[in-house]
Amino acid sequence: MKKEFEKAIDLRKTGDHQESNELLMKLVQKFPDNASINYQYAWSFDLLGEESKAVPFYENAIELGLSSKELEGALLGLGSTYRTLGDYERSKRTFLKGIELFPHNRAIQTFYSMTLYNLNEHSKAMELLLKCLIDTTVDDEILSYKEAIDFYSNKLDEIWD
């Protein structure tokens with residue numbers, strides 16, 4: 001099983017997403033209670049643009065119990081998949097769980113901001129993106145305005161006299 005699993009991951013890394021998906025399908029049929037296989041299989045559907053097929057495998061992987069690193073990726077993947085399917089409330093709940101468990105993961109926060117946008121929570125989305133930007137950028141021009149960007153990030157609708 002380990003050899004086949006590693007081959008599927010290698011195929012994904014080299015861009016052979018279809019073959020990776022097919023190998024993972026065989027593995028998930030043999031080992032339906034393996035959380036990692038379910039997670040990788042879900043991810044393989046996302047790469048193929050078949051998001052609706054990914055959902056039950058993400059959900060199953062999370063329910064079965066993943067390592068911390070895999071759980072981080074699965075919550076991001078599931079939240080993003082829900083968003084692309086238009087299930088914004090589920091996406092929001094998933095991302096909030098991810099942010100609670102992994103508060104320093106800027107990728108989860110960035111994808112969450114997209115969901116906030118879809119929910120017409122534009123101010124919150126912009127605030128989160130601006131904070132992610134100033135906390136992660138190495139651009140000297142942006143960093144020279146870090147304090148101002150931070151200050152205004154949650155005051156975008158205010159008008160100053």
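This is a predicted model: local features need pLDDT of at least 70, side-chain atom pairs count only at pLDDT 80 or more; totals for chains, interfaces and linings use all residues.
Local features are taken at pLDDT of at least 70 and side-chain atom pairs only at pLDDT 80 or more, while totals for chains, interfaces and linings use all residues. Numbering starts from 1 along each chain as its sequence is written, and side-chain values rest on heavy atoms, with hydrogens and water left out.

Two packed helices are described by the angle between their axes and the distance between the axes. Helices here are DSSP runs (H or I, at least four residues), numbered from the N terminus. Axes are lines fitted to C-alpha atoms over the stretch in contact, and angles run from 0 to 180 degrees between N-to-C directions.

To start with α4 (residues 51-64) and α5 (residues 68-84), their axes sit 9 Å apart at an angle of about 145°. This crossing is left-handed, meaning that the near helix is turned anticlockwise from the far one by less than a right angle. On the α4 side, the contact (heavy atoms within 4.5 Å) is built from Glu51, Val55, Tyr58, Glu59 and Ile62. On the α5 side, the contributors are Leu71, Ala74, Leu75, Gly77, Leu78, Thr81, Tyr82 and Thr84. Sorted by class, that makes eight nonpolar, three polar and two charged residues. In this scheme Ala, Val, Leu, Ile, Met, Phe, Trp, Tyr, Cys and Pro are nonpolar, Asp, Glu, Lys and Arg are charged, and the others, Gly among them, are polar.

Helix α5 also packs against α6 (residues 88-101), where the axes come within 7 Å and cross at roughly 160°. The two helices are therefore roughly antiparallel, a label used for angles over 145 degrees. Again the crossing of α5 and α6 is left-handed. From α5, the contact draws on Leu71, Leu75, Leu76, Leu78, Gly79, Ser80, Tyr82 and Arg83. Its α6 partners are Tyr88, Arg90, Ser91, Thr94, Phe95, Lys97, Gly98 and Leu101. The class count for α5 with α6 comes to eight nonpolar, five polar and three charged residues.

Arginine 90, a residue of α6, is partly exposed at 38% relative accessibility; that label covers the range between buried (under 20% relative accessible area) and exposed (over 50%), with a 1.4 Å probe and protein chains only. Not counting residues up to four places away in sequence, arginine 90 touches Glu59 and Tyr82.

A polar atom of the asparagine 105 side chain lies 2.8 Å from the backbone nitrogen of isoleucine 108.

Glutamine 109 is part of α7 and is buried as well, with a relative accessible area of 6%. Its side chain makes a polar contact of 2.8 Å with that of arginine 106; such a contact is a pair of N or O atoms within 3.5 Å, and within protein one must be able to donate a hydrogen and the other to accept it, with residues adjacent in sequence counting only if both atoms are side-chain atoms. Leaving aside neighbours within four places in sequence, glutamine 109 contacts Ile99, Pro103, His104, Leu128 and Cys132. Serine 80 is 29 residues away from glutamine 109 along the chain, and their C-alpha atoms are separated by 11 Å.

Finally, asparagine 120 sits in the loop between α7 and α8 (122-136). Asparagine 120 is exposed at 58% relative accessibility, and its phi is positive, at about 60°, although it is not a glycine.

Conventions. Angles under 35 degrees count as roughly parallel, over 145 as roughly antiparallel, 65 to 115 as roughly perpendicular and the rest as oblique.
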